[in-house]
Structures are given as structure tokens and as C-alpha cells.
Amino acid sequence: GNNNNNGNKGSSASPQASNAASPSGDSGAKKKFAIIFKNTGNPYGEKEMEGYKKAVEELGYEAILKAPDQPTAEAQISMIEELISQKVDALAIVANDPDALQPALEKAMKAGIKVISLDSAVNAASRLVHINQADPERIGRTLIQGVVEMIGGSGEIAILSATSQATNQNLWIEWMKKELEDPKYANVKLVKVAYGDDLRDKSVSETEALLKSYPNLKGIIAPTTVGIAAAGKVLTDKGLKGKVQLTGLGLPSEMAEYIESGVCPWMYLWNPLDVGYLSGYVADALVNGTVTGKVGDKVTAGTLGEKEVIADGDGTQVMLGDPFKFDASNIAEWKAVY
Amino acid sequence: MEQRLLTNKKEFKAKGFILQWEWLLVALIVAMFVMNSNLSEYFFQYDNLRDATMGFLDKAFIVLPMVFIIMMGDIDISVGSIIALSSVVMGDLYAHGVPMPLAMIICLAVGTLCGWINGMLIVRYKELSAVIVTLATMTIYRGIAYILLKDQSVGKFPSWFKFLGWDYVGTLPFILIVFAVFAIAFGLLLHKTPFGRRVYAIGNNPTAARFSGVRVDRIKVIVFTLAGLMSAVTALFLTSRMGSTRPNIATGYELEVIAMVVLGGVSTAGGKGRMIGAILAVFLIGFLRYGLGLVNVSAQMLLIILGGLLIVSVAIPQLKSRFAIKRKA
Amino acid sequence: MAESEFVLELKGITKIFPGVKALDDVYFKLKRGEIHALMGENGAGKSTFIKVITGVHSPEEGEMYLNGQKVAFTHPTDAQKAGIAAIYQHVTNYPDLSVTENIFMGHEKVQRGTGRIKWSAMHQEAGRLLKELGASFSPKTLMGALSVAEQQIVEIAKALSVDAKIIIMDEPTAALTKNESEELYRIAERLRDNGASIIFISHRFEDMYRLASKVTVFRDSKYIGTWNVDEISNADLIVAMVGREISQLFPKKEAQLGEELLRVEGLGKTGYFGDIGFTLRRGEILGLTGLVGAGRTEVCQTLVGVEKYDKGKVIYKGKELKIRGPREALQQGIGYLPEDRQKQGLVLQWEIGRNITLPTLENYTRNGAINTRKELEIAKRLAEKVSVKAKSVFDLVSSLSGGNQQKVVFAKLLASELDVLILDEPTKGVDVGAKSAIYEMISDLAVAGYGIILVSSEMPEIIGMCDRVAVMREGRITATLDRNGLTQEAILQASMDDSGSRDHAARGTGA
Amino acid sequence: MSANVQSASPTEGKASTGRTISALIAKFRELGLLAFIVILAVGVQFRNPSFLTWENLTDIATNTAILSILSVGMMLVIITRGIDLSIGATLAFAGMVSALTVKHNPGLNPVAALLIGVGIGIGCGLVIGFLVSWVKILPIIATLGIMNVFRGFTFEASGGKWVSAHQMPTSFKSIATGSFLGINNLILIAIVIYIVAYYFVSHTRTGRRIYAVGSNPDSAEVSGIRTGRILLLVYTIMGGLAGLAGVLWVSKFASAQGDTASGYELSVIAACVLGGVSIAGGVGKISGILLGSILLGILNNALPMINVSAFWQMFIQGAIILIAVLVNALVKRGIDRNNLMRRKI
Ligand SMILES: Nc1ncnc2c1ncn2[C@@H]1O[C@H](COP(=O)(O)OP(=O)(O)OP(=O)(O)O)[C@@H](O)[C@H]1O
Ligand SMILES: Nc1ncnc2c1ncn2[C@@H]1O[C@H](COP(=O)(O)OP(=O)(O)OP(=O)(O)O)[C@@H](O)[C@H]1O
Ligand SMILES: [Mg+2]
Ligand SMILES: [Mg+2]
């Protein structure tokens, strides 16, 4: 099962022999690697799961992809239980809540399942290792640097986030604020953090309110896919291209329109396929016992090459790399991918 | 007038016994077990089935009072928000140094208070109907939870608190035992006590009940208060399962609870249904979800299956009575 | 098309409701330009018959001819199209819509082609009809804001608004004052002179004599006969309707009047009644009569706390009583038999036994649970006491006939220890056999020392059963009459008279 | 107390003055809502001068258009004593199907896309109408089940993907962004729908019969109204409007997702309830729901603008809804009391 037909950079994979002792004991059956995304019907998540599946199948295992219909921790807990019952070997999770899954994931680990989180982390006690799409500090700082460059070094900026409960975003926003403490940003003022709740209508209202409440607003950072697309739409419709700058994190397919038109000169994201793909290899390494998830472990992740486990607060993580910059030069190529 | 009336119920019980809704549910559960066992080798295992109950029983506590509410022809869509508010209050208090047992008691008190407010508004403003009142309080209760915790989550509860949602007494899950106790208590309340009899009377004919000396308003307030209390019980177990809490927990629980009650054969037109039906429905939906989850059926298929099951289950009795009438005519 | 002599003819109509045969092989003929009275006791099947004609109910058996042509209406619109209009007994209106709309619902005036409703034309026409009926409220008023009598006027206007060949009026005068009734007579006559045929249902002989040329009588769902009004004596007509002499029907026994149980002083509820005063003694049957909508039911329900009063006081066994609700009333010893037994008296989907024990559940409760053995025992004893005809106490009350249902409601009352019984239309829609059983029961209860308030619109019942009678009109007691002064005329005078004298003058005479 | 000696017949005397007062109070309900909106607007304006600008008002109108369109359908449903919880799902399903269609046929006329959405919506509405009017399932239960089913269909149809801005032809996006005579199309469509709806409910037989069915279903049956057909019609209209709203939504936001408008039904119901539509049936005015929608629209727009903390927004909205319905109930009691006083007993 090795279908290598997407835009993932192409060197051939080298499936590792699955000779290590399997924790579930039934050596005859294929090993099962599961992933749970936040919610169903989310193209970003579909890509992340696709990357995971690709890695798992390259390695010759069976992949199980799950996502609840609502992005809630409660639903993810049920899914974790189902996977424990199925005696999967590894479980990768994109968490809807960093803490609320802890009891369930601890149970999974007690049952011998190798648990990792990717993208949206769970706390250190709930996982062996986290696959970080990009350093939150880098994301936060890069976004500020980006928007400051766009607005020419001074002026008012605002943030349009997802829900007030979104952990990833909250972490990034913290780093953005830290970056702004630097004296070189004395002329840049963060006027407001608004929450569009990842709802189209609410994100639009919030963007409009920002524009009106802060007539001198020069830039918006929207570190969320729905928010940045909604903001792009508002700026387009209001003809504010060039007057108010937009950047953030978004899906190339959703944002292609606005990057091509220049409403959003550039934005960042990582390749969700790669995040999933890397997770698959890290999970495999944990299952085979070649690594335990401690700092300094090294994982050879197929086409991505070798990655090292590094510290992350109390826990450990594997960093995919820097966020990727999408701009007019490369968006056409990427909008078809994800 | 030498009329002699029978009081021996036995000869009347036999007929209709087989056709009861509860037996249909039992048949469905058996069919579902057979199907799921065939789909997945992991389904029919004691440990798995036992642990699965821990996953779906949290909301089942609200099913119990919701049977009373729907029986009386009302509805309560604020229960999910009551869970969130009582859980957040508990978490927030604990985080501010209130001892956990006290915080838990306050959690129950907050839920009870929310339910009582619902009940009072509903009986004081009859023209509004329960849907409207609980629609408004649903927003308000969760709104308060947001005001209290903002974007924070609180957790780090004492380690024993995890016992509620995750541990066993003997080999049985604690939550299952507690649920069994509450289910029996609510079952007895509905079927054996004057209170339950009066709830049935209100469901069938509120006017006649009132004229017969049933204090309809009082019973409604009590029942909505119970719904608040049981929402808080759910909050305890859910919080324990999640190990932390935040204002957006338990969203959408109300609709799941209502769906279970309706599937359990409790008529929304009032006055029909039994506690056992709703409890069977809890296990039917719970194990069905779990079983389909074991074979990794997609979330969207689950939505379609569960929605369809609800429609079909309420349509069957309707169509049955329709055709029964036609046959008579 | 061969014109038949009869515009409407029905043959062998049978209509069965679950548990009740409401019409049993009924015949009827209506001539062109005739006003035909249809009479019979409560529950005789008159209203059901009307609904068969108008296509609301379809009969199980029988044939219907319109101008000699056989027709079968499956829907009310069929009857409307055939030129049949009806004023139904129970108001069938839309409280949230305007009077105009109520009048024209189902046959609105619309512009040809566009289908646009012609509001101004409709308002104008409605205004004209209302004026003709002597009403002065605007056709734009909301129906729900009108009094029962005003609503009745709208119902009449509704029937007039269609150019109907056959007009059916089911007790249109029941809620009307004398003047309003006169207005209605005039209109009916004019319609008749214009060639319409009218079926007129009323319990008032006066209406029949004033208007009708023919009278058809139903009894117990059966057709009894048709007579020319001037050829049948009053007494014969009553025999036809009731099946025996009235005097036999009322087995009033002399009861020993005891101490005063209840004294009501200046009781008032804004918008419903005012200045109500009467007394009730042990063993006494106090009649409360008047037109439909006079406020009797409201007064009774206030006494048991279903409704609240805002003026006056109630003195019960010498102490002022504040009634908070029916439960407290029952505990104090005041019981109420509601006028609508299906909606207010019974849980129809329940068995006889459960219905009987509902008000007194705590009497059979042990350790918080209902002791079903004891409950059933008591239910059985009471059901036998009021001689309900059924196989067992597990029969559903919905399967019982109206009379037996009413007996179950009586049994409910007897389960509590009461001193005062308020019986609101206890024989409404009850067959003759059950009726006499109920009368006997009431008499026995009075002898047993209950104080009884008997609300009834039926003159014979009031005259036959009561020791004293209070007559209500428009929310006030206009007269209180002693048994020896009790005549049909006196009661009618007090309940219908439009003159101002009704107010305080007659009150208190009999106290 | 003998004041009514002269006006013994209900057809004379003071009756009419009483009615004028109660009519006034009834009107007061809407005036009150309007006054509330005005006070709110002035208050917000005080805090943020850019509130009452032409641009912001246009924004409010554009953002409220879809909500107000849905309110029309919901009002009809509630008037017949029903409720429709499935409209969010219907909206998403219709929006998704039409977006997928234009994605694969970029040359498609936008009007055709609109029609496809409306058609899907009508189909969904017919299913619900059938369940409610023929199978006689309670509306709240039927639509609760159907909501899940349609939502599932939406996910299935999209295969977990979104349809994004660059996949939609400009012609399709300009349904929502384009304007005619300087007024945004969404606003125009809403205005047209309100005019048609106003004409429909107050000047056509069928429209009035919807009220009749809700006001008293039994009399409606007796006076020859086919109540089943009215119910079917009402849910079909609701479905059609939800379908239309789906296309407008997708076009406005230039994105179709599986979870589009999830939970939106509650906002629509709230708009109706604020506008004085009675859950008990029979009561509801076009002007009322327009004001109700506008109030919600203003709240959505104004709360962010006056810097109300995001964490207070939900509570404030809930509180305003509760206060509005309680005031409504009290006003209605006032009217009833007034009617009773009029009787002079
Ligand atoms: N829809 C119904 N379902 C069941 N029983 C009914 C129904 N309508 C009428 N009945 C029964 O049919 C019988 C005849 O009722 P109907 O209303 O025709 O009497 P009526 O002669 O008009 O009496 P009244 O003088 O009180 O108006 C009664 O026993 C009544 O209870
Ligand atoms: N549903 C109602 N809508 C409007 N007014 C009502 C309503 N019910 C009662 N009323 C008013 O209350 C007054 C008293 O009604 P009530 O039913 O007590 O009279 P009643 O003498 O018992 O008549 P009935 O013989 O019909 O029972 C009537 O004049 C009527 O105007
Ligand atoms: Mg009748
Ligand atoms: Mg009465």
C-alpha cells in the first residue's frame, strides 16, 4: 500500500521492518495506527490525516482515521475509548482541549498504546511526544514581523482569532504580545484581540467592527483559517486592499483568491500533509521501541529526513520546521494541494 | 345496580404486553448487539462493554428527569448550559482554594438553582412556553460561564476526583453504579409514587389534573429543578472524565438527551412512556455509537443513522395508530 | 333538473364515535323557505347531525340528498360550495384574527386573477352585516377581545356572509339577550322570505314557537318524529324529547336542612362577575342558572381556587376561607364537578380506577409508594357505589358512554371527605338513563348532608331538583328564588331581561 | 357598579374606547421594540461615532439579510404552532450542493445556482412537511432528527472538503457582493422577500389561512381549510428560503463548509420571538420579525464595536432575549386585563 501521488517531495520511502515486540501481542495481524482530528469536514484536517495515513501505509500498517462531528473534547474522549478497545498500537491526536483528554490518554498509555499529539497539543502528561508543526514562538514572532513589514513599521494592528478557548491560537497570541514588547515596535499598537469563533458570519462582523472601531487600523493578523478567509473577504468587498494589510495562518486553497489579488500579501502555514506524515513515522518509532520520546531521540521520517526530539516545557516535541510562507509566487502551485 | 367490577389486573395484563415499545427497544438492542459483534471482534467483550458505558452514561443522568419533562409536554434545552455553568463554578471555586467536596456541593447547588429558575419562569410566564424560556436561559447560563472563566480552563483537581468518571467499584464502573441507583430512584418516583402518577396525569390532561387537586405548577417547578440537579450531577462526572473544565463543555447535550428520551418511547404529546424505555434507549444509542465507532464509521454516517433512527422510531407509533384508526373505520 | 320539494333530505344516517353511537338511523327533511326546529335533550345528537350535513363528519351509514340529488360530502368545503352555511354550537373562531377575517375565513373576497384579498370590501361588508345584527364593534377588532355574546354575533354574521341556500344555526341564542335574540329572529325571517331554508337548534321553546313551522325531535341518538309546530302540544313535545313525564325524572327527596356551610359575600372578579352573594346550608341544593356565558362556571371555579377573585369574601363553616387552589379546596371539603368532563374532569387515556383515585392518592400511600391493592379496592367500591357500567375498573374511561364517564367523575368526588359539592352541568351530554341515576345520586347526597350547588342551563332540571335558585346574568345574580316561587317564567325573566331592574333589586330575597 | 345599566347590550357604549386603548398597547409592543432599537443605537453611537454611518448601516443590513430571510420562513412555521430546528442543516446542504455545482460548472448562470439551492431547500422542506403534516410527528422532534440527517448529507456531499473562494466563479460570488442601484443584492433580495411575504400573509387567502390554522386548528378544519396542506406549504416555504439563504451564505462568505451555519436556527428563532411571534401559534407580524432581526443584527454588530468583552457577549444577548420576551408577556397581560376591564363587571 504505497501510493505516492501527491505533491509531497518525492524521494522513495524505506519502510522499516516491524520486528519489535508489539504491545498488543497479536503479531499476526497488521499493526493499527490511529489518528483523531478535531472535527470532521475540515480540509486541513483531512490533509493532516492523509499525511498520517500515507506514512502508516508506507510502513505497512493499517491506518484508522477518526474525527467527531463537533470539535469537542467530550467526543474525542469517546473516540479514544473506542480505539483502546480496538487495541490500536499508536494513537495520534489533534486535541480540542489540552487538558481535558488527559485521563483518557493516560488510560490509553496504560493500555500500552503509544500516544502522541500533533498540531494542537495535549499537555505533557498526556502524551509521549508532540509533533509541532512549527514553533509557537516562531509563529507568533514571525506573524508580528510580517504584519509590521506590511504596514511599514508603524500603526495600529489587531488580531482576529478563533474561539476564546482555542489553545493553539492563545499560545501564538501570547508570543505575538511578547514580540511586541520589543522597543523597536514602539510605534506599533495592538488595539484588540477579537474572536470570530471560527464562524463565517461572526468573523465577518468582528472584522467589520475592527475596521470601524479603529479607523486607523493598518493591519490584521488572523491566525486561523476561517478567520483569515473571512477577513480577506471583508477587505476585498470593502475595497481596502493596500489600506489594511492582512496576514496570518490560512489554507492556501481558501486564501488563494486573496493572495493572488494582493489583499493578503503573504501568509504562513506549514504543510499539514507533512505534519501528519511526520507523526506517522514518530508513532512508528515509538511503537517499535526505537525511541521513547525523550530529548535527543532521533527519528528518520521517510521523505522528511531525520528529525530530533527536543524539549518542550515539561515534555518533548518534534519540530517539523519553520512555517512556510505563501505568497503570490507560489500560491497557484499550492492551492490545488490543500 | 348489582354491578360487580373486577379488580384483578392479571387478565388484562397479558394483551398488548408483546407490542409494547420497550420490547421493540429490547429487540433493537439484541439486533444491534448481534450486528456489532459481527462487525467487530472487540465489541462483545466484558471489559469493552463495561468501559463503553463510562463514555455515554454522563448525559444519561439528565435523561431521567427529562423523561418527566417531556412526559408533561414541556422541553428543557438549557441542560447543556447548566452542566457548563455548574462545572465552571466548581472548577473556579476549587482553583480559588475552596475545598473540593464543598466545591462539588456548590456545583450541585448551582445546577439546582438554574433548574429552579427555569421552572419558576415557566410557571410564572405560561404564555412563553418552556422552549422559549430555556432557549433564553441556555444562552444566559453559558454566558455566565464565559464571564467567569473567560478563555481559561481550570483543572488540577485532587487525584481522588478522577475516581468519579474513571474508576470501578469491584469490577463495575462507579458511574454505572451511581446511574443504576438514580435510575431506580427515578423509576420508582415515576411509577410507584403519587408524584409520578400526577406527572402522568399532567401529561395526559393538565386541566383535569389541576381540577383533581394536582398542584401542576409546583410539580413542574420540582421537575425542572430536578433537571437542573441532574445536570449538575452530569457536570461532576463529565468534569471528572475530562479532568478539567471550561465554558464550552457539554455543547449540544440537550439535543442528544431529548433524542434519547423520545427514542425511549416517551411521547412528546404527553402522558405516555416509561422510565425503562428511556433507559433502554440510553444503552441502545450508547452501544450503537460505540459499536459503530469500533469499526470507525465516519461521524457523518453516524449523524445520518442516529437522525434516521429517531425519525423512524417516532414515526412508527404514529403510523401504527393511523392505520389502526383506518382499519376500525 | 327535476326540482325536488325538499332542498335537503337525509335518510338512515348513523354516526359512531369510539364508544358512542351519536346518531342511530336518523331521518330529516327540509323544505325550501322553511325554518325547521331541531330539538332534543343534551347529547341527543343534534350537533353531530349538523356536522354530518356540513361534511365535518362522514356518517357510517345513510344517504343525503340535496335538491333531490344524492351527495356525499367528504370535506366542509364540499358543503360550503353546495350553499350550506352553519353556525356551530361551540364557537369555532380564530381569537388572533380580526372579526372580518373570522367572518370570511374560507370564502374570502378576492380579486379575480391576482387573488388579492379585497380588504376594504370585506371590512365594509362585515361592517354592514354587524350593523344589521345591531352590533357596534368595529370589524377590525380582534376576535379574542370580544365577549362570548359578541362572538356569537360574529358567528351569525359569518353564516350570513355566504349567500347560503341552507343555513344551520346550532343554539345561536344560547348566549344572547332578549333584544339580541329578537334581532336574530328578524334576520332569520328575512332570510326565509328570501328563499333560504333554515335549521334551527335550540333548547328554548320560545325560539321554536317564534320562528319554526316544523319541528323534528331526536332522543338518545334516534329519530323520534317530525311535527308541524302548531299541531303538537308543549307536553307532547317534552315527552317526545325526554321519553317520559318530567316529574318522574326528578326524584327529589326531602332533605333536612342543617347549619350554614358556605356564605359568599360581594365576590367579584374583574371582567367576569361581580357582587356575587349567596348562602348554602347542609342538605340544601342551591341552583345556579342563567344563559351560557353568564359567569356561573367562573364563580364556581373561583370557589375552588381554579381562578382567583379580586373582591369579596367566602365564609366557610363560619371562618373566612382563602382558597389557594383545588387541592386546598378538596382538603377543606369543597369539591367541584367540572362542566367539561372530557377536558376537565377525566384523564381519558386512563382506566376508571386511576381516575377515581387521582385526587386522593395520598390516602393510599405507604412509605411514599402507592399501595395499589388498597387503591383498587377503594376505586372498585366507589365505582360500584355510583354504578358505573363497565367490565372492570381497568376499562379505559374513553371507552365509556358520556353518562358513565360522568359517574366516574362523581366517584372521584366521593373519594374525598367533602361537605360542599359544586356540580357544574352534571347532566350535560348524558343519556336519559344515566341522567335519572345522577339525579337520584344528587338527591341522596343532599339527604346525606352535603351542601350542593347545582349549575344548570336546563330549566326542568333546576325546577325539579333545587331548594333555592340563584339566577345569573352578565356576571351578576339577578334573582334568588325560593322553591315555592320557582317557575320557568320567573327564571327566564331574571336571566334574559334587558331592563335595568335586574341589578340589585332581586338579590337577597331568598337568603 | 350599575354603570352599565345603559350599556347593557354589548353593542353600545364605552366598548370602543377600551378597544382603542388595547389596540394602542398592542402597537406599543412594536413601538417599544423600535424604541429599544433606537435607544440602543443612540447609546452605541455615543460610545462609537462610526456606528451610525451609512457604511456601517449598510454592513448591518447586509449581515442581517440572511437572518431576516430565514425569519420569514420561521415565522410562518411558528405561526402554525411548529418549529424548525433543521434550517441550519438545510442551509448548509443547499449551499454546499450549489457551491459544488458551480465549482464543476464555472460557466453556470448564477441564477441557476440560486435555483438549485432553492430547489434543494424545497425538497428538504417537503420531507419535513410530510413528516409533520402526514405522519404527524411533532415538529420539534421531526426537525431534530432531520437536522442530523441533512448535516450528515452535507458532509457526505463535500467529502470533507470545503469549496473555497478561488473555486467559485466571480459571477457566483457577485450574487452576494453585487449591487443594483447602489444597494447590495442581499439587501435587495431580503427587501423583495419581505414585500412578497407581506403581500402573501396579509393579502392572499393562503397567507391568512396559515394564521387561521395556527390560531385554532380545529375551527380551521371545520371551516374547510386543508390544514395538512397548509403545514406542508409552510415547511416547504421554510425549506425554500433556507435553500436560498444557503446559496446567499456561500456566495457572501465565498466558502462552503460542512458545518456552515451550525446552530443558526436558534438565532432565527430568537429573532422571531423578539419580533413578537408567539410560540402558541396564530400571532406574528412581518414588521415584528423585521425589527427582531434588526435588533439581533445590531447586537451582533454593536457589541464588538463598543468593545464589550467577548466573554460578556453571550450573556448580554441571552439577557436581552429574556427581557424582551418577558416584557412582551407582561404587555400581553396588560392587553388582556384591559379587555377585561372593558367588560365593566
Ligand atoms: N368528536 C366526538 N367524539 C366522541 N364523541 C362525540 C364527539 N362529538 C360528539 N360526541 C358524542 O356524541 C353524542 C351526541 O353529541 P351532540 O353534540 O351531537 O349532542 P347535542 O344534541 O348537540 O347536545 P347539546 O344539546 O348538548 O348540544 C354525545 O354523547 C357526545 O358525547
Ligand atoms: N374563553 C373565553 N374567552 C373570552 N371570554 C370568556 C371565555 N371564557 C369565559 N369568558 C367570559 O366569562 C364569562 C363567564 O363565562 P362562564 O363560562 O363562567 O359562564 P357560564 O355561565 O358558566 O356559561 P356556560 O353555561 O357556557 O358554562 C362569560 O361572559 C365570558 O364572557
Ligand atoms: Mg349540540
Ligand atoms: Mg358553565
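Trainee: How many residues does the contact take from chain D and from chain B?

Mentor: Contact means heavy atoms within 4.5 Å. Here chain D contributes 38 residues and chain B contributes 43 residues. Before we go on, this is a predicted model, in which local features need pLDDT of at least 70 and side-chain atom pairs count only at pLDDT 80 or more, while totals for chains, interfaces and linings use all residues. Residues are numbered from 1 along each chain as its sequence is written, chains are lettered from A and ligands numbered from 1 in the order in which they are written, and side-chain values use heavy atoms, with hydrogens and water left out.

Trainee: Thanks! What area do chain D and chain B bury between them?

Mentor: Buried area is the accessible area (1.4 Å probe) that two parts lose on being put together, summed over both. For chain D and chain B that comes to about 3,600 Å², with 82% of it on carbon and sulfur atoms. Ile141(D), Phe311(D) and Met314(D) supply 18% of the area that chain D buries against chain B, more than any other three residues.

Trainee: Which side chains meet in a salt bridge?

Mentor: Look for a side-chain nitrogen of Lys or Arg within 4 Å of a carboxyl oxygen of Asp or Glu. The rule finds 1 salt bridge across the interface of chain D and chain B: Glu127(B) pairs with Arg333(D) at 2.8 Å, N to O. On the side of chain D that touches chain B, helices H5 (139–158), H11 (264–274) and H13 (310–342) of chain D each supply at least two residues. Helices are DSSP runs (H or I, at least four residues), numbered from the N terminus. H5(D) gives the largest share of that side, 14 residues.

Trainee: Now the ligand. How many residues surround ligand 2?

Mentor: A residue is near a molecule if one of its heavy atoms lies within 4 Å of it. Ligand 2 has 13 such residues, and the closest are Gly293(C), Arg296(C), Thr297(C), Glu298(C) and Glu339(C). Because the surrounding residues come from chains C and D, the site is shared between chains. Helix H10 of chain C (residues 296–303) gives the most to this shell, with 3 residues.

Trainee: Which polar side-chain atom lies 2.7 Å from an oxygen atom of ligand 2?

Mentor: That atom belongs to Glu339(C). A backbone N or O atom of Gly295(C) also lies 2.9 Å from an oxygen atom of ligand 2, and a polar backbone atom of Glu298(C) is 2.8 Å from an oxygen atom of the ligand.

Terms used. Polar contact = N/O pair within 3.5 Å; in protein donor to acceptor, adjacent residues only side chain to side chain.
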